[in-house]
Amino acid sequence: MSLDGGGAVGGVTAQDVDILYFNGASWSLFFDASGVGISTSGQDVNDFYIVDADTILMSFDAATTIGGLAVNPWDIVQFDGTSLGSNPVFTFSLYFDGDDFGLTTTNGGYIDALEVLPDGRILISTTSNLSVPGVIGADEDILAFTPTTLGDATSGAWAMYFDGSDVGLDTSDEDIDALDVAPNGNIYLSVSGIFAVNGVAGADEDVFVCTPTSLGDVTACNYLSGLYLDGGTWGLDANDVDGVNLP
């Protein structure tokens with residue numbers, strides 16, 4: 001989990017760019033960004049996806065340079081660490097180049113939620129309305145990208161994966177800013193503010209679950225009653241959960 005605003009939770013202090021691990025009872029620091037050269041000043045991990053024990057995909061909320069790699073908020077960066085600790089060995093590379101689809105600051109291209117499905121499709125949600133070839137989405141939607149190539153020359157096809165307005169996410173506070181899809185297809189979500197949908201309500205520090213009955217341009221789902229994570233229970237009232245990945 002990543003937090004917009006950082007802070008202390010369960011006795012662990014984290015920065016905006018760090019990733020925390022929660023085992024259901026206690027918290028620990030999973031990824032220490034400052035230890036691998038990511039600036040903690042004015043920067044935030046918008047969302048992340050853990051590929052394996054030493055590979056993480058990340059998006060950032062501001063342009064930055066990491067180890068010589070120029071990164072924009074519409075890009076996805078891949079971190080590969082062969083060893084961490086006091087003398088870390090790692091590389092950063094460009095996984096998804098948003099420039100190849102014209103994503104910019106002016107067309108809503110900031111990626112604030114991401115996931116990778118077992119079939120290789122990349123799911124993204126953005127901070128505002130977004131137009132890419134074949135699809136127009138809003139900040140409460142999730143788009144699916146089927147890659148042909150990745151890296152500096154990213155190419156592929158887009159489709160609507162989850163239309164948030166179809167399932168009650170239709171206010172300015174209900175921007176999806178964290179997501180994860182479980183093996184059973186359940187979609188774990190957090191949003192940027194106060195939300196209320198059929199069966200559950202909460203705030204930006206909470207995680208709730210949609211069980212979809214259809215996806216795509218006509219999305220339907222049943223929301224599980226109650227919150228998956230009640231952030232207020234852990235003192236996260238002043239934070240926004242802006243990244244989540246199930247173990």
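## The loop at G120

G120 sits in the loop that links strand 12 (111-116) to strand 13 (122-126). Strands here are DSSP runs of E, at least two residues long, numbered from the N terminus. The model is predicted; local features need pLDDT of at least 70, side-chain atom pairs count only at pLDDT 80 or more, and totals for chains, interfaces and linings use all residues. Residues are numbered from 1 along each chain as its sequence is written, and side-chain values use heavy atoms, with hydrogens and water left out.

G120 counts as partly exposed because its relative accessibility is 27%. Buried means under 20% relative accessible area, exposed means over 50%, and partly exposed lies in between (1.4 Å probe, protein chains only). Leaving out residues up to four places away in sequence, G120 touches F145 and P147. Contact means heavy atoms within 4.5 Å. G120 and P147 are 27 residues apart along the chain, yet their C-alpha atoms are separated by 7.6 Å.

Strand 22 and strand 23 run antiparallel, joined by four bridges. Two strands pair if DSSP finds at least two bridges between them. S214 stands opposite A220 in strand 23. Five residues lie between the two strands, and G216 takes a positive phi near 95°.

L215 lies in the loop between strand 22 (208-214) and strand 23 (220-223). L215 counts as partly exposed because its relative accessibility is 37%. Residues up to four places away aside, L215 touches Y161, F162 and I187. S128 is 87 residues from L215 in sequence and 20 Å away in space, C-alpha to C-alpha.

## The nonpolar cores

A nonpolar core is a set of buried Ala, Val, Leu, Ile, Met, Phe, Trp, Tyr and Cys residues joined through side-chain atoms within 4.5 Å. The largest has 22 residues; I142, Y161, F162, I176, L189, F208 and Y223 touch the most other members. Strands 16 (142-149), 17 (155-162), 18 (176-181), 19 (187-191), 20 (195-197), 22 and 23 each supply at least two residues of this core. Another core, of 20 residues, lies apart from it, with L57, F101, L103 and L114 among them.

F208 has contacts that include L169, I187, L189, F195 and Y223, leaving aside neighbours within four places in sequence.
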